[in-house]
Amino acid sequence: MNAAADTPVVIVGGSLVGLATALFLGRHGVPSMVVERNEGLSPHPRARGVNARAMELFRWAGIEDDLRSMPSAMALAGNSGIIAAESLAGKEMGALKEGYHRDTGADDDDDGWLGATGWCLCHQHEVEPLLREHAARHGADLRFGTEMTGFDQDAGGVTVRLRDAAGVERSVRAGYLVGADGAGSLVRRLLDIGVDGPGTLAHFLNVRFRADLTGPLRGRRFVMCYTISGSSRSGLLPVNNADEWLLHVPYDPDRAAEFTPEHCAGLVRTAAGVEGLDVTVEDVASWESAGRVARSFAAGRVFLAGDAAHVMPPTGAYGSNTGVQEAHNLAWKLAAVLRGQAGPGLLDTYEEERRPVAEATVEQAVLRSKDRPRMAGGPRPAPDPRIQADPVVTFGQVYRSAAVDPDGTGGDPLWEPEPAGRPGTRAPHVIVKRDGRLVSTLDLYGDAFVLLIGPEGAAGADADAVTRAAGESGIAVETFVIGRDVHSAAVDLCGAHGLTPAGAVLVRPDGFVAWRNAGPLGTADDIGGLFDRLLCRSAGSPAGVTGRPGG
């Protein structure tokens, strides 16, 4: 076995969430090693809905424009709506018009608090190469064709055992390990972490095929068409609105041998409603619709993200997007601890914040999947009252952890329908003028802590005291004074953040509010104590020195 090599973070899994983790770490200046047992990325389209919150994070990472320039993203840019029909050529039976549903093509102006960017319908087989390219640019060491066979952790790090395609084994020493290795996660199994939830809901095949469907399509540009013909049920999804398509077909795994290319082509013809349609089946992939959440997202120096931490039905497109947000939440915390700016207790807040969100999001995806059959007509009882509106699930999650300093304003412990600066919620989106340019307040966040101060709160040396106190402890803080550094003629910026003119709000690098104060900022000691609490450091001690195991 070769001598061990060192890297700050090993990421097991080189698919969407693993690559996003590497990219986000790289943007924070932390190199990583990504190990993926497959020789390359999957050519199968798979997931395709990058929701507005994930797009905010990719915007910060500098790849939003590239994502929107991908072939499928450009082809599907005008698609919207989910419909049900007897077949593509046949009679339409209904459409998803529920109050909780927000269409991918909806105008963000309808909900001013939403975000600076919107959905992108881009298939996963185009997203992943882009993530791989940019992760490598930011220092990621990508090892495809390399399998993790096991690991051991101790107080100082993790020793990861690897085997490449030639059978050569080696050990890598890392500070931390992230398991982003999918629903059957070996990392999770080696940690002996179980899962909870409703379990398997159904089994499906994804049939990727080519066929000219422009005739039966009749100019429509939907996101998905459920087709219902006798006992046949399927979901038809456009890849390019012309001759590239996906068909979701329910199937029994015990009868998988029956789904030959010829049989799958017949299922396509039934869904299309065109006898004799010329169909080329390119590949078939099975998948399970299920609801499960790992009982823990972390064990010592090892963390779970994406499908390794949870699986959920694709209704609502929350699965991979939830994983991207986990990658982003974990990346800035790992970077802060590795730089010695935070105590290792900050990493405990990853599970404290993200697991409740994942559990609640899985429930929302399951409830939506059970609600879809009502589209096909017949009696239409009211949707399950537990279903939250799409924008609330996308943007309204609430964090409660040691990395959030509550201000006593209360509110729902899981969802915030209209985030307005409450600690633990995503900071509000407001269009402001900065340096003569119109930007979103969300564009101020990502690289460092940001202090947004009311016009009266900037009086005296208060703002300078914050910067000095943070700088003395190695923390980068950017300060913006409302009315001086950022301006908005249309929106009361203080009101949007729940501030008085003398107040201030502190936003974390992930865009979530860490602290809000109605009055003066306080002394340098007060500010130093605040950062000690938020970054899980012992008051008055150097960053990272807390006496905690593994420190």
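How many residues of helix α2 (residues 52-60) are buried? Eight of the nine are, so that this helix is mostly covered, where buried means under 20% relative accessible area, exposed means over 50%, and partly exposed lies in between (1.4 Å probe, protein chains only). The structure is a predicted model, in which local features need pLDDT of at least 70 and side-chain atom pairs count only at pLDDT 80 or more, while totals for chains, interfaces and linings use all residues. Residues are numbered from 1 along each chain as its sequence is written, and side-chain values use heavy atoms, with hydrogens and water left out.

The predictor's confidence in each residue, pLDDT, runs from 0 to 100; its mean over the protein is 89, and 93% of the residues reach 70 or more. Over residues 107-112 the pLDDT stays under 50, and the model has nine contacts beyond four places in sequence for them, a contact being heavy atoms within 4.5 Å. Residues 540-551 also have pLDDT below 50, with 24 contacts in the model beyond near neighbours in sequence.

The buried residues of α2 are A52, R53, A54, M55, E56, L57, F58 and W60. E64, at 11% relative accessibility, counts as buried.

In one of them, eight strands run in the order β5-β4-β12-β13-β14-β11-β15-β18 with mixed pairing, two strands being paired if DSSP finds at least two bridges between them. Its edge strands, each pairing on one side only, are β5 (92-95) and β18 (310-311). Within this order, β13 (residues 232-238) and β14 (residues 244-250) pair in the antiparallel sense over four bridges, and G235 stands opposite H248 in β14. Helix α10 (residues 348-371) packs on the sheet, where it touches β11 (195-210), β15 (280-294) and β18.

The other open sheet has four strands in the order β22-β21-β23-β24, again with mixed pairing, and its edges are β22 (477-481) and β24 (513-517). Strand β23 (residues 504-507) pairs with β24 in the antiparallel sense over four bridges, and L506 stands opposite W515 in β24.

Side chains of opposite charge can pair when their charged atoms come close. The count of salt bridges comes to 33. D196 and R295 form one of them (3.0 Å, N to O), which links distant parts of the chain, since D196 lies in strand β11 and R295 in the loop between β15 and β16 (298-299), 99 residues apart. D196 is partly exposed, with a relative accessible area of 35%, and R295 is partly exposed at 48%. D384 and R386 form another salt bridge, their closest N and O atoms being 2.8 Å apart. Finally, a network of salt bridges links R208, R210, D243, E244, E282 and D283.

Note on methods
Helices (H or I, at least four residues) and strands (E, at least two) are DSSP runs, numbered from the N terminus. Axes are lines fitted to C-alpha atoms, for helices over the stretch in contact, and angles run from 0 to 180 degrees between N-to-C directions. A salt bridge is a side-chain nitrogen of Lys or Arg within 4 Å of a carboxyl oxygen of Asp or Glu.
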